[in-house]
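Colleague: I would like to learn how to read a protein model, one feature at a time. Please give me the general idea first and then the case at hand.

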Amino acid sequence: MLERKQVKGRTQVTFILPEGTPDGPVSVVGDFNHWNPAAHPLESRGDGTRAATVALPARSAHSFRYLAAGDYWFDDEHADGHDGANSRVHT
């Protein structure tokens, strides 16, 4: 799931997954972090989810995917769209 918050010409996008789905560590990777899995790992929250927040330019579009343990790549079913193998988010 994606949540957005506008902050001074930027959009804070929070990428959210249920805790433990899938098991192990998960990162959000995309063109906004040069596909670096160390840049935005999802952290546990108290509500049974885990999330990572990324500040992106307003009125832009970005490709992303999730990377879980065991080199397991997957898309966000709640993304704004898809461009082949990647999910898309629009700010």
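**Strands, burial and pairing**

Modeller: Strand S6 is mostly covered, with seven of its eight residues buried. Buried means under 20% relative accessible area, exposed means over 50%, and partly exposed lies in between (1.4 Å probe, protein chains only). Strands (E, at least two residues) and helices (H or I, at least four residues) are DSSP runs, numbered from the N terminus. This is a predicted model, in which local features need pLDDT of at least 70, side-chain atom pairs count only at pLDDT 80 or more, and totals for chains, interfaces and linings use all residues. Residues are numbered from 1 along each chain as its sequence is written, and side-chain values use heavy atoms, with hydrogens and water left out.

Colleague: How many helices and strands does the protein have?

Modeller: It has zero helices and nine strands. Along the sequence the pattern reads β-β-β-β-β-β-β-β-β. The radius of gyration is 12 Å, close to the 12 Å from the globule rule for 91 residues, so the protein is as compact as a globular protein of that length. That radius is taken over C-alpha atoms, and the rule is 2.2 Å times the number of residues to the power 0.38. The C-alpha atoms fill a box of roughly 35 × 30 × 20 Å along the principal axes.

Colleague: Which strands does S6 pair with?

Modeller: Two strands pair if DSSP finds at least two bridges between them. S6 runs antiparallel to S3, and five bridges join them; Gly30 has Phe64 in S6 as its bridge partner. S6 is also joined to strand S9 (residues 86–90) by four bridges, again antiparallel, and here Ser63 is partnered by Arg88 in S9. With S7, S6 forms an antiparallel pair over three bridges, where Leu67 has Trp73 as its partner in S7. The hairpin of S6 and S7 has three residues between the strands, and Gly70 takes a positive phi near 75° there.

Colleague: What is the strand order in the open sheet of four strands?

Modeller: The order is S1-S2-S5-S4, with antiparallel pairing. Strand S1 (2–7) and strand S4 (43–44) are the edge strands, each pairing on one side only. S4 pairs with strand S5 (residues 49–57) over two bridges in the antiparallel sense. Glu43 stands opposite Ala51 in S5.

**Core and contacts**

Colleague: Which residues touch the most other members of the largest nonpolar core?

Modeller: A nonpolar core is a set of buried Ala, Val, Leu, Ile, Met, Phe, Trp, Tyr and Cys residues joined through side-chain atoms within 4.5 Å. The largest one here has 17 residues, of which Phe15, Val28, Phe64 and Tyr66 touch the most other members. The elements that give two or more residues to this core are strand S2 (10–18), strand S3 (26–30), S5 and strand S6 (61–68). Across the protein, 43% of the 91 residues count as buried.

Colleague: Where is Gly9 found, and which residues does Gly9 touch?

Modeller: Contact means heavy atoms within 4.5 Å. Gly9 is in the loop between S1 and S2 and is exposed, with a relative accessible area of 57%. Leaving out residues up to four places away in sequence, Gly9 touches Pro57 and Ala58. Gly9 and Ala58 are 49 residues apart along the chain, with their C-alpha atoms separated by 5.6 Å. For the protein as a whole, among contacts between residues at least 6 apart in sequence, 61% join residues at least 24 apart.

**Salt bridges**

Colleague: How many salt bridges does the structure hold?

Modeller: Side chains of opposite charge can pair when their charged atoms come close. A salt bridge is a side-chain nitrogen of Lys or Arg within 4 Å of a carboxyl oxygen of Asp or Glu. The structure holds four. One of them joins Asp80 and Arg4, with the closest N and O atoms 2.4 Å apart. This pair links distant parts of the chain, 76 residues apart: Asp80 is in the loop between strand S7 (72–74) and strand S8 (81–83), and Arg4 is in strand S1.

Colleague: Are Asp80 and Arg4 buried, exposed or partly exposed?

Modeller: Asp80 is partly exposed at 36% relative accessibility, and Arg4 is partly exposed with a relative accessible area of 36%. Another salt bridge is formed by Arg45 and Asp47 at 3.7 Å, N to O. Arg45 is partly exposed at 32%, whereas Asp47 counts as exposed at 53%.
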